Amino acid sequence: MDPPGGRYLDRRAACSPIGAARLSQLVLGCAVVAMVIHSAGYSGSYGVFCMAVWCLCFAVTTVIFFLDATRLYGCLPVSWGNLTVAFAALATLMYVTASVVYPLYFVSSECPYAGCEVRNFRIAVATCSMAATLAYGAEVVLSRRPGQAAAAGYMATPPGVLKVVQAFVACVIFGGVANGGGLAGRPGLVCCVAVWAGCFGLTSLLVLLAVCGRTGALRCLPWDRLLGAYGLLALLLYLSASVAWPVLCFDSKYGSPWRPASCPRGGCVWDSQLVVSVLSFLNLGLYAADLLYSQRPPPGPRAPGAPRPRV
């Protein structure tokens, strides 16, 4: 407990490089939300998604900055370093998605019926959203510095960041399936979705254990061995689903290898199945990279007088 009369606010929350990145996130996030509400506007499911991303990230970042500045995070039963870097990685991915979706559906070269002011505000929203993406990504990079990596913990390592990316890509896969995966009467496709859901649940559980500081909860199974065993299992499962899905969707026996000419734009089952197939192979590569990183031996101490390795 801090002594009476001491400083209860941590200046490093604002004056450190990570603090500067969070202040940038707050300023840019507030600007995005304010401009959307003021004049830029949003509509439809894509607009609601973008607005939800911006509001959620701004709210969580505000809470993180407040807890960090007041040092009240010590009252939480979590690993603060793992929690903050995991959220920064997730926010980076969410902001990237919103920064692509919003200008794609709401920004046009011509002025809409409401005038050029609305278009200009929407361009400004997209620009600030991209800048906020860089601010969240900068926090992840800064958390990997030698002075910060030990405090950040497992989630600041490449396998930790990869697990956040894997979970996010899995959520996008589920969105593609829900948007028109064509699962009715297709037990093979249902099995593929079950594989993705199982891997997503286990990956989220590992992230939760790291964030809560419970990596040693399983005494019979060390953390490193658990990561290696799960990485191999997830890789094999994703490999089977990534191969089975395109065969069951695009083979002439089950579907069509070419996009149907009568398929409507924005509501085509074939398009959704193609997106899911590509994302499944993407996640397969992420799980392979995760497994390779997890099996790399930690760097040993350098002998006195030994030359430094070339970078």
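# Close-up views of an all-helix predicted model

View 1. The chain has ten helices and zero strands. Read along the sequence, the pattern is α-α-α-α-α-α-α-α-α-α. This is a predicted model. Of the 311 residues in the chain, 41% are buried. The chain exposes about 17,200 Å². Residues 24 or more positions apart account for 74% of them.

View 2. The mean pLDDT of the chain is 84. A value of 70 or more is reached by 83% of the residues. Which helix has the highest mean pLDDT among the elements of the chain? That is α3, with a mean of 93. The lowest mean, 58, belongs to helix α6, residues 146-152. Residues 299-304 also deserve a careful look. Over this stretch pLDDT stays under 50. For these residues the model has three contacts beyond four places in sequence.

**View 3. Helix α3 reaches 39 Å from end to end.** Helix α3 covers residues 44-70, which is 27 residues. Its first and last C-alpha atoms are 39 Å apart. That is close to the 39 Å expected at 1.5 Å a residue. Just after α3 comes Arg71. Arg71 takes a positive phi of about 60 degrees.

**View 4. Arg22, Asp68 and Glu139 are linked in a network of salt bridges.** The structure holds three salt bridges. One of them joins Asp68 and Arg22, with the closest N and O atoms 2.8 Å apart. The pair links distant parts of the chain. Asp68 sits in helix α3 and Arg22 in helix α2 (residues 17-40), 46 residues apart. Why does Asp68 count as buried? Its relative accessible area is 13%, and buried means under 20%. Arg22 has 6% relative accessibility, so Arg22 counts as buried too.

Arg22 has another partner. The side chains of Glu139 and Arg22 meet in a salt bridge, 3.1 Å from N to O. This pair also links distant parts of the chain. Glu139 lies in helix α5 (residues 116-143) and Arg22 in helix α2, 117 residues apart. Are Glu139 and Arg22 buried or exposed? Both are buried.

**View 5. A salt bridge joins Lys163 and Asp290.** Their closest N and O atoms are 2.7 Å apart. Lys163 lies in helix α7 (residues 158-178) and Asp290 in helix α10 (residues 269-294), so the pair ties together parts that are 127 residues apart in sequence. Lys163 is buried, and Asp290 is buried as well.

**View 6. Five leucines form a nonpolar patch on the surface.** Which residues make up the patch? They are Leu202, Leu205, Leu208, Leu233 and Leu237. Together they have about 420 Å² of accessible area. Helices α8 (187-211) and α9 (223-250) each supply at least two residues of the patch. Helix α8 gives the most, with three residues. An α-helix has 3.6 residues a turn, so residues three or four places apart point the same way. Find Leu208 in helix α8. Leu208 has 49% relative accessibility, so it counts as partly exposed.

**View 7. Gly188 in helix α8 lies 7.2 Å from Leu248, C-alpha to C-alpha.** How many residues separate Gly188 and Leu248 along the chain? They are 60 residues apart. Gly188 has 27% relative accessibility, so it counts as partly exposed.

**View 8. Thr133 is a buried residue in helix α5.** Its relative accessibility is 12%. Which residues does Thr133 touch, not counting those up to four places away in sequence? They are Thr92, Tyr95, Val96 and Ser99. Now compare Thr133 with Ala91. These two residues are 42 residues apart in sequence. In space they are 7.8 Å apart, C-alpha to C-alpha.

How values were computed: Residues numbered from 1 in each chain as written. Predicted model: local features only at pLDDT ≥ 70, side-chain atom pairs only at ≥ 80, totals over all residues. Heavy atoms only, no water. Helix = DSSP H or I, 4+ residues; strand = E, 2+ residues; numbered from the N terminus. Expected span 1.5 Å × (residues − 1). pLDDT = per-residue confidence, 0-100. Contact = heavy atoms within 4.5 Å. Buried < 20%, exposed > 50% of the residue type's maximum accessible area, 1.4 Å probe, protein only. Areas by Shrake-Rupley, 256 points an atom, 1.4 Å probe, with all protein chains shown as cover. Patch = residues over 30% accessible without salt bridge, like charges linked within 9 Å, V, L, I, M, F, W, Y side chains within 5 Å. Salt bridge = Lys/Arg side-chain N within 4 Å of Asp/Glu carboxyl O.
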